[in-house]
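This report is for a reader who is meeting the structure for the first time. Please look over the sequence and the model before reading on.

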Amino acid sequence: MAERIDGKAIAAEVVEKIKAAAAELHRAKGVVPGLAVVIVGDDAASHTYVTAKGKRAKECGFHSVQVTLDADTSQEELEKVVGELNADPAIHGILVQLPLPGHLDEFPVIQMIRPEKDVDGLSIVNAGKLAVGDLKTGLISCTPAGAMILVRSIHGDDLSGLNAVVIGRSNLFGKPMGRLLLQANATVTMAHSRTADLAAACRNADILVAATGRAEMVKADWVKPGATVIDVGITRVPAPERGEGKTRLLGDVDFAACEPVAGAITPVPGGVGPMTITMLMANTVIAAYRAVGLEAPRF
């Protein structure tokens, strides 16, 4: 059976490093990392995520700010808030919780966040820095950054000689994940819904990363024996066996079928998920260190 990659345990280890880095920054410069999260409207899932982020920020010893705006907030009002946070020296990281209400255009809002405060790593500037391999001044999107830590927990920092396949080409995950793997010297194939014989492409992967949003799409015969499988998908499906109205979470990988074939595999939940908020905190510490001219820690 494959080794289960424990995202919760690895995230806890990273959180301890973040706490230590934040404490050292305060000792050396008197600076507390500041994270501001902006949420618009009353979407229940978004509020749950934002609450979790605020709780984790306080756990890490950060200055945590939540800006809650009404659902009918205008584009101009939202951009004004982001502009004020850009100008606030106590804030090192800004995150605008997505999705925004339908009348708002998220693209200009995200792009107006100063790149050095863009702890979600979604700006064109940070995406461009990653594309050219600038990991020293850019900020990396949180989920791929966390997924790479899970990959490194199995293979180390140098992926030379390994074939990696990423299923999914989104700007949020697939593309940055492919670039991170390439930066670590893997030979990378970006696969997607238009890939001819997708299963055959996956069978060549020493590292297989699935990010399609299609529950249990990756079957056992897609997985090379001994491969490392990173499942980024999360789909909530009905679970009547648990009671009326109950649900459960599934990943993109048929876990029960693939676990006996893979060498290492992430479960859903408990794999990549815990790493995302953790890397948001890591990016905030990195941004705070850079803001005062110190070399940022590596997580």
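## Domains

The model is predicted. Its chain is divided into two parts, domain 1 at residues 30-114 and domain 2 at residues 142-274. Between the C-alpha centres of domain 1 and domain 2 the separation is 29 Å.

An unreviewed UniProt entry places the feature "domain: Tetrahydrofolate dehydrogenase/cyclohydrolase NAD(P)-binding" at residues 141-290.

## Helix α10 and Val285

Helix α10 spans residues 273-291 and includes Val285. Val285 has a relative accessible area of 0%, and because buried means under 20%, Val285 counts as buried.

Which residues is Val285 in contact with, leaving aside its neighbours within four places in sequence? They are Ile18, Ala21, Ala22, Pro33, Phe62, Pro297 and Phe299. Another pair can be located by its C-alpha atoms: Val285 and Val37 are 248 residues apart along the chain, and 15 Å separates their C-alpha atoms.

## Packing of α2 and α10

Helix α2, residues 44-59, packs with α10 at an angle of about 50 degrees, and the two axes are 10 Å apart. This angle makes α2 oblique to α10. The crossing of the two helices is right-handed. On the α2 side the contact is made by Ala52, Lys53, Arg56 and Ala57, and on the α10 side by Ile277, Thr278, Leu280 and Met281.

## Cis peptide bonds

Leu98 and Pro99 are joined by a cis peptide bond, with omega about 0 degrees. Pro99 sits in the loop between β4 (93-96) and α4 (106-112).

A cis bond also runs from Val268 to Pro269, where omega is near 0 degrees. The loop that holds Pro269 lies between β11 (264-265) and α10.

## Positive phi angles

Asp197 is not a glycine, yet its phi is positive, at about 50 degrees. This residue is found in the loop between β6 (187-191) and α8 (198-202). Is Asp197 buried or exposed? Its relative accessible area is 52%, and since exposed means over 50%, Asp197 is exposed.

Glu216, also a residue other than glycine, has a positive phi near 55 degrees. Its place is the loop between β7 (207-210) and β8 (228-231). With a relative accessible area of 28%, Glu216 is partly exposed.

Definitions and conventions
Residues are numbered from 1 along each chain as its sequence is written. This is a predicted model: local features need pLDDT of at least 70, side-chain atom pairs count only at pLDDT 80 or more; totals for chains, interfaces and linings use all residues. Side-chain values use heavy atoms; hydrogens and water are left out. Domain bounds come from an automatic or database domain assignment. UniProt positions are given in the numbering used here, feature names are shortened, and annotations may be inferred rather than shown by experiment. Helices (H or I, at least four residues) and strands (E, at least two) are DSSP runs, numbered from the N terminus. Buried means under 20% relative accessible area, exposed over 50%, partly exposed in between (1.4 Å probe, protein chains only). Contact means heavy atoms within 4.5 Å. Axes are lines fitted to C-alpha atoms, for helices over the stretch in contact, and angles run from 0 to 180 degrees between N-to-C directions. Angles under 35 degrees count as roughly parallel, over 145 as roughly antiparallel, 65 to 115 as roughly perpendicular and the rest as oblique. A crossing is left-handed if the near helix is turned anticlockwise from the far one by less than a right angle, and right-handed if clockwise.
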